[in-house]
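Keep the model open as you read.

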Amino acid sequence: NLVSSGLHGVGMAPNIDAQMGWRIVAEVLYKIRRVEKLVGKIDFVMVKDIKKDKLKPSEVLERFSYRRIQTDPDMVLDFGQPLSCFDDYLAGLTSKYRGRINKIIKTIDQAGLTCEKLTLDKQSDQQAHQLYLQVESKAATRLATLPVGYFLELQKSMPQWFCCYGIKKQDELIGFVSIIKDQQDAIAYYVGLDYKVNKDLPIYFRLLQLVIQSAIELGCTRVLFGRTALEPKASLGAKPVEEFVWARHRV
């Protein structure tokens, strides 16, 4: 899936040998490639994304001409247990980091901006999509671009597992972040922001804090922030977790 991160395409039963499972995956991918010859050819196959603690069994893919590639790490914030409120999270930080977070919150409040959980409709989804495009256009690699209505459909199809938080200037949305609950993990999904406003105000940093607030409300024990902006996420207490993909080139 080009618009998600994590190992979401394969599920293995608890009683199966993991190495055997990956051999089956390689066989399935081979058969898919063979079938596709009827309409063309597949020159590149990628299996993504595998955290280091899950990597060892998948190394059997090397026998099938897959190459291991280490990507940037996933920045993971681990609460250890569900928290009751944002203040509980702050209490676990050093005074230095706690002071930085409170300063950002104060700056946003003094600028007259409001932070709230969004209930998307067609209009607000359109606004969110435009902000998303500002971020997407700056990405060095763009494998896929989300269509208008994507966030609204996620909200409709899985309201208990998906939510968005936004930052508004009066009625204008100037930043948003989406969050997906995956068991006990809160995944920081797509983000969008007005870069003109972000030059003067810490919009992006406040959005990262709202991901933590959402994770606490969802009863999660971890936040998966993803691969970008490692330093700001580290200042929130997140730590790098190594991630890998397997790639197979036809030539």
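Start with the three-stranded sheet. It is open, its strand order is E1-E10-E2, and its pairing is antiparallel. Two strands pair if DSSP finds at least two bridges between them. Helices (H or I, at least four residues) and strands (E, at least two) are DSSP runs, numbered from the N terminus. At the edges lie strand E1 (44-51) and strand E2 (67-70), each pairing on one side only. Neighbouring strands of this sheet are turned by 25° against each other on average, direction ignored. Angles run from 0 to 180 degrees between N-to-C directions, and axes are lines fitted to C-alpha atoms, for helices over the stretch in contact.

This is a predicted model, in which local features need pLDDT of at least 70, side-chain atom pairs count only at pLDDT 80 or more, and totals for chains, interfaces and linings use all residues. Residues are numbered from 1 along each chain as its sequence is written, and side-chain values use heavy atoms, with hydrogens and water left out.

Now look at the pairing within this sheet. Four bridges link E2 to strand E10 (residues 243-249) in the antiparallel sense. Ile69 has Val245 in E10 as its bridge partner. Helix H1 (residues 18-36) lies across E1 and E10 and runs at about 155° to E1. E1 also holds Asp49. The peptide bond from Lys48 to Asp49 is cis, with omega near -10°. Most residues other than glycine have a negative phi, and most peptide bonds are trans.

Move to the other sheet. It is open too, with seven strands in the order E4-E5-E6-E7-E8-E3-E9 and mixed pairing. Its edge strands are E4 (113-118) and E9 (239-241), each pairing on one side only. Here neighbouring strands are turned by 30° against each other on average, direction ignored. E4 and strand E5 (residues 162-169) run antiparallel, joined by six bridges. Gln183 is not a glycine, yet its phi is positive, about 55°.

Next come the helix pairs. Two packed helices are described by the angle between their axes and the distance between the axes. Helix H4 (residues 95-110) packs with helix H8 (residues 203-217) at an angle of about 115°, their axes 10 Å apart. That makes H4 roughly perpendicular to H8. Angles under 35 degrees count as roughly parallel, over 145 as roughly antiparallel, 65 to 115 as roughly perpendicular and the rest as oblique. In H4, Ile101, Ile104, Ile105 and Ile108 meet Ile203, Phe205, Arg206 and Gln209 in H8. Contact means heavy atoms within 4.5 Å. By class, the contact of H4 with H8 has six nonpolar, one polar and one charged residues. Ala, Val, Leu, Ile, Met, Phe, Trp, Tyr, Cys and Pro count as nonpolar, Asp, Glu, Lys and Arg as charged, and the others, Gly among them, as polar.

Helix H5 (residues 122-136) and helix H6 (residues 150-157) form another pair, with axes that come within 8 Å and cross at roughly 125°. H5 and H6 are therefore oblique to each other. Lys122, Asp125 and Tyr132 of H5 make the contact with Tyr150, Phe151 and Leu152 of H6.

Finally, step back. The chain has nine helices and 10 strands. Its C-alpha trace spans about 60 × 40 × 30 Å along its principal axes.
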